[in-house]
Amino acid sequence: MTTLPGRPNTALLVIDVQNGVVEGCHDRDGVIANIGALAARARAEGAPVIWVQHSDDQLKKGGESWQYVPELVRHDTEPLVHKLYADSFEATELEELLAALGVGRLVVTGAQTDACIRSTLHGGFVRGYDVTLVADAHTTEDLTAYGAPGPALVIAHTNLYWAEQKAPGRRGDTVVTAEVSFAPAGAA
């Protein structure tokens, strides 16, 4: 249903699963295991796996906190997009990369739910992509000290509201890891 013509493919986005981002996050190990399973399935089905890595004052490029968690290993052939903003599209080559791969649907995983995940969901959606959020493959830290709901509630709320996103010619949805499909649009 994407509004992007001639782009039937689906890509897995693995956003900011970096040491300094997911340390202490809600269900860290379970989320990382699900992302690992999704990456293996995408590879087996020939879908692109695209890694996104954030840099800022707390995540200095090249530092230990900036590195991807050791449980997830990017293949040399898989693109790595470096970003400075929450939206993975903002001031990066992600859009050009997706266009070259014929991608019109994104499967979004990673951290943090209430920042880079939400920003990228909306960023992809307004650019014309169908965007699937994997309900059990994103996480966030506990910000209750600042008045936010607990991480489980932030995740649940994001899953709830994203499940019903619709706009002309495109849609968002929320599925669990076991239900993710990487089949191109129109494939049987």
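**View 1. Buried residues of helix H4.** In H4 (113-126), the buried residues are Thr113, Cys116, Ile117, Thr120, Leu121, Gly123, Gly124 and Phe125. Here, buried means under 20% relative accessible area, exposed over 50%, and partly exposed in between (1.4 Å probe, protein chains only). Helices (H or I, at least four residues) and strands (E, at least two) are DSSP runs, numbered from the N terminus. This is a predicted model, in which local features need pLDDT of at least 70, side-chain atom pairs count only at pLDDT 80 or more, and totals for chains, interfaces and linings use all residues. Residues are numbered from 1 along each chain as its sequence is written, and side-chain values use heavy atoms, with hydrogens and water left out. Just after H4, Gly128 takes a positive phi of about 105 degrees.

View 2. Phe125 forms one aromatic cluster with Tyr161 and Trp162. Rings of Phe, Tyr and Trp (its six-membered ring) pair if their centres lie within 6.5 Å; planes under 30 degrees apart count as stacked, over 60 as edge-to-face and the rest as tilted. The charged end of Arg170 sits over the ring of Phe125, 5.0 Å from its centre. For this, NZ of Lys or CZ of Arg must be within 6 Å of the ring centre and within 35 degrees of the ring normal.

**View 3. Two aromatic pairs.** The structure holds four aromatic pairs. Trp51 and Tyr68 make an edge-to-face pair, because their ring centres are 5.0 Å apart and their planes meet at 80 degrees. Trp51 belongs to strand E2 and Tyr68 to the loop between E2 and strand E3 (80-83), 17 residues apart. Both Trp51 and Tyr68 are buried. Phe89 and Tyr129 form a tilted pair, 5.6 Å centre to centre with 40 degrees between the planes. Phe89 counts as buried at 5% relative accessibility, and Tyr129 does so at 0%.

**View 4. The largest nonpolar core.** This core has 27 residues, and Leu12, Val14, Val17, Val22, Leu72 and Phe182 have the most contacts inside it. A nonpolar core is a set of buried Ala, Val, Leu, Ile, Met, Phe, Trp, Tyr and Cys residues joined through side-chain atoms within 4.5 Å. Among the elements that each supply at least two residues are strand E1 (9-15) and helix H2 (28-44); H2 gives the most, with six. Leaving aside neighbours within four places in sequence, Val22 is in contact (heavy atoms within 4.5 Å) with residues including Arg28, Ile32, Val69 and Thr139.
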